[in-house]
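Dear colleague,

Please find below the structure that I am handing over to you. My findings follow directly after it.

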There are 2 protein chains.
Amino acid sequence: MQNDKAGVSAQDVAERAGVSRSAVSRAFTPGASVSAATRERIMKAAAELGYHVNHLARGLVRNRSGIVCLIVSEIATPYRASLVRWLTQFLQEAGKVAMLINTDRSDNSVSAALLQAINFRADASIILSGMPDRTITRQCYQHGQRIILINRDEALPGSLSIHLDAQAAATTAVRAFQRAGCRHLAFANSLAGTPSLIKREAAFVQAAEQAGLMVSVERFGTTSYESGQILAHRLLTRAQRPDAVFCVTDLVACGFMDEARHRFQLRVPDDLCLIGYDNIAQASWSSYSLTTFAQPVEQFARDAVNWLQQKEQAENGLTPQHEQQHDTLVYQADVVWRGSVRGG
Amino acid sequence: MQNDKAGVSAQDVAERAGVSRSAVSRAFTPGASVSAATRERIMKAAAELGYHVNHLARGLVRNRSGIVCLIVSEIATPYRASLVRWLTQFLQEAGKVAMLINTDRSDNSVSAALLQAINFRADASIILSGMPDRTITRQCYQHGQRIILINRDEALPGSLSIHLDAQAAATTAVRAFQRAGCRHLAFANSLAGTPSLIKREAAFVQAAEQAGLMVSVERFGTTSYESGQILAHRLLTRAQRPDAVFCVTDLVACGFMDEARHRFQLRVPDDLCLIGYDNIAQASWSSYSLTTFAQPVEQFARDAVNWLQQKEQAENGLTPQHEQQHDTLVYQADVVWRGSVRGG
DNA sequence: TTGTATGCGTTATCAA
DNA sequence: TTGATAACGCATACAA
């Protein structure tokens with residue numbers, strides 16, 4: 001209020017409250033030993049002066065900033081956006097704060113992002129896209145920075161890896177197409193080459209072949225609506241037109257469905273059965289009513305943050321063990337039956 | 001590499017390179033005076049030791065962290081997500097980093113977010129949702145923290161306010177409906193009560209009345225797809241069913257259109273003309289082909305970051321003027337003609 | 001161009 | 001419970 005210099009420090013508050021600056025520090029540290037009386041006097045002085053703990057200084061001395069880096073490409077994509085949404089929410093509830101770093105999917109832009117995380121002494125980094133260089137992750141580890149990989153299908157020492165089992169979804173999809181009486185299956189993939197997308201394709205092809213069904217694969221471009229349109233064009237103009245398509249992503253499936261309907265005048269699910277993956281909001285929109293597999297996004301986020309807190313408590317505890325081990329969490333993607341498959 | 005303690009500091013690098021620690025500091029400060037030779041020796045030593053500048057310490061002494069807070073609710077929404085995407089990208093290109101803070105739209109959760117920004121001595125906060133308490137923004141100002149308001153329709157001293165002119169879009173929409181021969185207009189709004197959404201409605205109603213056209217208004221729930229469905233139900237069951245609806249948002253428009261088509265068997269644009277706002281990706285999807293007004297999101301983000309950089313340069317310069325003034329940028333939302341209005 | 005000395009705001013250790 | 005003091009890692013004013 002009455003102070004117009006930028007910095008009002010614990011010192012100023014201490015003087016006003018008639019205590020030492022360490023008392024002020026303790027007053028703002030949860031669980032520190034301060035008498036209720038002095039604490040109140042300090043808080044009053046702090047409010048009057050407009051004092052706010054400097055997390056930069058606190059982080060410096062504690063060697064831990066409370067920052068968690070979210071490393072992600074294509075944030076505007078529905079699935080990514082919802083993952084970011086849950087992560088930031090749970091991080092905040094855990095008293096941490098999210099730092100968002102955009103990458104272009106290239107592995108060295110991910111490495112650069114991780115360097116930023118080191119610069120800010122982030123408590124952890126959560127990687128949603130790409131894979132960083134090993135030398136960088138080593139440095140993160142040395143700096144005590146945790147790493148969480150979501151849908152990365154890889155494991156780093158001391159890290160947590162969360163991903164989905166591709167097999168169950170593939171089997172479920174094939175059975176559904178079988179029940180619908182489909183004869184010629186196809187998988188519509190992008191060229192992104194992400195491990196999880198590759199596995200999704202491989203698992204589906206394998207399941208289809210085991211069921212003795214014909215299966216075509218087409219790959220194109222990025223994992224987007226537009227690619228879905230192109231993929232529809234390529235698959236639906238084949239001599240052997242598929243009557244059931246598993247799209248690597250809901251976004252692709254939406255593009256595929258729109259093109260199939262509006263360009264090829266096909267009816268879904270009568271002429272063509274379609275299944276997607278992710279369960280983005282648009283999949284439930286009545287124009288699509290897309291049968292899909294739901295990634296438990298909220299659960300991912302909750303588990304990531306819980307694991308982080310757990311690790312931190314263990315660190316504060318009496319177990320300074322050298323944990324070269326890594327943790328892995330594997331989930332099933334739950335099928336969401338809607339109208340894009342006959343007899344669903 | 002050979003160092004296994006967490007912290008490798010400028011001191012360590014200095015010793016290895018055989019220079020003083022200030023030399024190391026200068027080597028990592030752009031535009032500082034270091035000879036190429038020593039600089040190289042320092043960089044080599046730094047790489048070998050795995051040294052990374054501690055931005056916490058740097059921010060502490062410079063009283064500027066390089067952090068910019070993005071304060072936003074409902075990040076997973078297409079329009080918000082794309083705004084966040086561009087902001088983070090441009091911030092990174094400007095050498096800054098985005099801190100993402102989720103709010104629940106309530107004004108005091110926005111205030112809490114702003115407090116976080118103060119804690120981390122953020123260079124600036126960009127507010128995309130809600131309005132914080134004045135006493136908080138005052139404190140931000142005192143801490144030298146810039147504030148940027150996007151679509152907030154308010155002005156704070158020393159801040160930048162970016163928003164859209166609601167009038168032009170309203171006039172264009174009414175004219176389009178007029179050309180299409182529509183007789184009964186309607187505006188489908190949410191109950192969010194955001195200033196920009198309110199203005200959008202008021203401007204449309206005014207423009208319609210000026211054109212001598214009947215206009216109904218319906219408001220419901222959040223600004224979402226689901227609300228669009230409800231709004232369709234309410235408007236399309238009225239005795240005087242509207243034949244042209246301006247939806248406050250594309251998301252609302254998608255829900256409205258789906259409900260109109262699939263529940264009421266109406267054809268768009270033959271039976272019903274529809275216009276949205278935002279130009280989210282889904283508006284261009286062929287199931288919707290929605291005529292809409294494009295918010296220049298990328299431009300918003302670019303301008304916000306440019307303004308920030310400009311202010312910082314001015315600060316470094318010789319003009320320590322007390323700028324109680326605020327800046328305002330007003331844009332037009334460009335109409336994107338698609339298939340949801342007859343004769344568009 | 002380089003080195004020395006000082007301070008940034010905080011927490012942690014130790015005595016009282 | 002409280003206060004004094006020493007780090008934390010860095011940038012910079014100043015002197016060389």
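**Domains of chain A**

In this predicted model, chain A is divided into domain 1 (5-53), domain 2 (67-164 + 297-333) and domain 3 (166-294). The C-alpha centres of domain 2 and domain 3 of chain A are 30 Å apart. To the contact between them, domain 2 of chain A contributes 10 residues and domain 3 of chain A contributes 14 residues.

About 1000 Å² is buried between domain 2 and domain 3 of chain A, with 54% of it on carbon and sulfur atoms. On the side of domain 2 of chain A, the residues that lose the most area to domain 3 of chain A are A:Pro78, A:Asp153 and A:Ala333, which together account for 41% of what that side buries. As to specific interactions, the count of salt bridges between domain 2 and domain 3 of chain A is zero, and there is one residue pair in polar contact, with both residues at pLDDT 80 or more. Sorted by class, the side of domain 2 of chain A that touches domain 3 of chain A consists of four nonpolar, three polar and three charged residues.

**Interface of chains A and B**

I turn now to the contact between the two chains. Here 49 residues of chain B are in contact with 50 residues of chain A. The size of an interface is often expressed as the accessible area that is lost when the parts come together. For chain B and chain A, the buried area is about 5000 Å², of which 58% is on carbon and sulfur atoms. Within chain B, the greatest losses of area to chain A fall on B:His52, B:Leu56 and B:Trp285, together 15% of what that side buries.

No salt bridges are counted between chain B and chain A. By contrast, 20 residue pairs are found in polar contact across this interface, both residues of each pair being at pLDDT 80 or more. On the side of chain B that touches chain A, the elements giving two or more residues are α4 (55-62), α5 (78-93), β2 (97-103), α6 (107-119), α7 (134-142) and α11 (250-262) of chain B. Of these, α5(B) gives the most, with seven residues. The class composition of this side of chain B is 24 nonpolar, 22 polar and three charged residues.

The strands β2 deserve a separate remark. Strand β2 (residues 97-103) of chain A is joined to β2(B) by three bridges, and the two strands run antiparallel. In this pairing, A:Leu100 stands opposite B:Ala98 in β2(B).

**Backbone geometry**

Most residues other than glycine have a negative phi, and most peptide bonds are trans. Against that background, I draw your attention to the following sites.

- In chain A, the peptide bond joining A:Val268 and A:Pro269 is cis, with omega about 10 degrees. A:Pro269 is located in the loop between α11 (250-262) and β9 (273-278) of chain A.
- In chain B, a cis peptide bond joins B:Val268 and B:Pro269, with omega about 10 degrees. B:Pro269 is located in the loop between α11 and β9 (273-278) of chain B.
- A:Asn63, although not a glycine, has a positive phi of about 55 degrees. A:Asn63 is located in the loop between α4 (55-62) and β1 (67-73) of chain A.

With kind regards

Definitions and conventions: Residues are numbered from 1 along each chain as its sequence is written. Chains are lettered from A and ligands numbered from 1 in the order in which they are written. This is a predicted model: local features need pLDDT of at least 70, side-chain atom pairs count only at pLDDT 80 or more; totals for chains, interfaces and linings use all residues. Side-chain values use heavy atoms; hydrogens and water are left out. Contact means heavy atoms within 4.5 Å. Buried area is the accessible area (1.4 Å probe) that two parts lose on being put together, summed over both. A salt bridge is a side-chain nitrogen of Lys or Arg within 4 Å of a carboxyl oxygen of Asp or Glu. A polar contact is a pair of N or O atoms within 3.5 Å; within protein, one must be able to donate a hydrogen and the other to accept it, and residues adjacent in sequence count only if both atoms are side-chain atoms. Helices (H or I, at least four residues) and strands (E, at least two) are DSSP runs, numbered from the N terminus. Ala, Val, Leu, Ile, Met, Phe, Trp, Tyr, Cys and Pro count as nonpolar, Asp, Glu, Lys and Arg as charged, and the others, Gly among them, as polar. Two strands pair if DSSP finds at least two bridges between them. Domain bounds come from an automatic or database domain assignment.
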